[in-house]
Structure formats: C-alpha cells, structure tokens
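User: I would like to learn how to read a protein model, feature by feature. Where should I begin?

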Amino acid sequence: MKSSTCNSCGSSKIMQDMKIVDFSHGNAKKNLSIEIKTTDRTFFNKFEKGALKAQICGSCGKVDLSVNNPQDLWEAYIKTKNL
C-alpha cells in the first residue's frame, strides 16, 4: 500500500502509517482493527486481529487502508471456511 504519490491526484504530500482511533466510553482511545474469529465455540473463542493503518493524501484527502498482518488474517479467514 505504501506509495510516495497519491494515486488519485498525483500529490507527493503523503502521510504514512497513520493510526485510526476510536474514542470510546470515557473518551478512552482504542485503535481500530479487523478481527476474524478462529474457533467455533460458545465461550472463550480465539481471534486473529490486525491493526488498521491509513495512508492519507495531504492534498486531496484520499485515504487508503491496510492492516499490519495480512498473511495472518488470510490464514484465519481460510480456516473459518473449514469450521
């Protein structure tokens, strides 16, 4: 995903690896993530999680998202298809 130019407007004003944060109850910060349930149990399930990060164009505002561990998420996703 990392690029030195925006693929929408061509600008080189690119902000890399920006965190995407949610302000939850009590204004507590939580980084947003993708999660895939890897077990099929009623209680004590396991999840594969991948933190979301963004690349933002400082000219046009285009935002591209990615995760830090795509291979791990892919393997978890394939595993869920076999549950």
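Analyst: Begin with the terms: helices (H or I, at least four residues) and strands (E, at least two) are DSSP runs, numbered from the N terminus. With those terms, the order of elements in this protein, starting at the N terminus, is β-β-β-β-β-β-α. That makes one helix and six strands. Two notes on the source. The model is predicted, and local features need pLDDT of at least 70, side-chain atom pairs count only at pLDDT 80 or more, while totals for chains, interfaces and linings use all residues. Residues are numbered from 1 along each chain as its sequence is written, and side-chain values use heavy atoms, with hydrogens and water left out.

User: How do I read the radius of gyration, and what is the value for the protein?

Analyst: The radius of gyration is taken over C-alpha atoms, and the globule rule is 2.2 Å times the number of residues to the power 0.38. For a compact globule of 83 residues the radius would be near 12 Å, but this protein has 16 Å. Along the principal axes, its C-alpha atoms fill a box of roughly 50 × 35 × 15 Å.

User: Which strands pair with β5, and over how many bridges?

Analyst: Two strands pair if DSSP finds at least two bridges between them. Strand β5 covers residues 47–57, and four bridges join it to strand β1 (residues 14–19), running antiparallel. Strand β4 (residues 33–37) also pairs with β5 in the antiparallel sense, over five bridges. The pairing of β5 with strand β6 (residues 63–67) is antiparallel too and has five bridges.

User: Which residues stand opposite each other in these pairs?

Analyst: Take K53 in β5, the bridge partner of K19. K53 also has a bridge partner in β6, namely S66. Elsewhere in β5, E48 stands opposite I36. A54 has L65 in β6 as its bridge partner. The C-alpha atoms of L65 and A54 are 4.6 Å apart, although the two residues are eleven positions apart along the chain. As a general idea for strands, side chains in a regular strand alternate between the two faces of the sheet.

User: What do β5 and β6 form, and which residue in the turn has a positive phi?

Analyst: β5 and β6 form a hairpin with five residues between them, and G61 in the turn has a positive phi of about 85°.

User: Which residues other than glycine have a positive phi?

Analyst: Two cases are D17, with phi near 50°, and N27, with a positive phi of about 65°. D17 lies in strand β1, whereas N27 lies in the loop between β2 and β3.

User: Are D17 and N27 exposed or partly exposed?

Analyst: Buried means under 20% relative accessible area, exposed over 50%, and partly exposed in between (1.4 Å probe, protein chains only). D17 has a relative accessible area of 40%, so it is partly exposed. N27 counts as exposed because its relative accessibility is 58%. L65 in strand β6 is exposed as well, at 53%. S24 is in the loop between β2 (21–23) and β3 (29–31), and S24 counts as partly exposed because its relative accessibility is 28%. Over the whole protein, 20% of the 83 residues count as buried.

User: Where is Y77, and how far is it from G61?

Analyst: Y77 belongs to helix α1 (residues 70–81). Y77 has a relative accessible area of 37%, so it is partly exposed. Another pair, S24 and Q71, is 47 residues apart along the chain, and their C-alpha atoms are separated by 29 Å.

User: What do contacts tell me about the chain as a whole?

Analyst: Contact means heavy atoms within 4.5 Å. Among the contacts with a separation of 6 or more, 45% are between residues 24 or more positions apart.

User: How are the charges of the protein counted, and how far apart are their mean positions?

Analyst: Lys and Arg count as positive and Asp and Glu as negative, with His and the chain ends not counted. The place of a charge is taken as NZ of Lys, CZ of Arg, CG of Asp or CD of Glu. The protein has 13 positive and 8 negative charges, and their mean positions are 3 Å apart.
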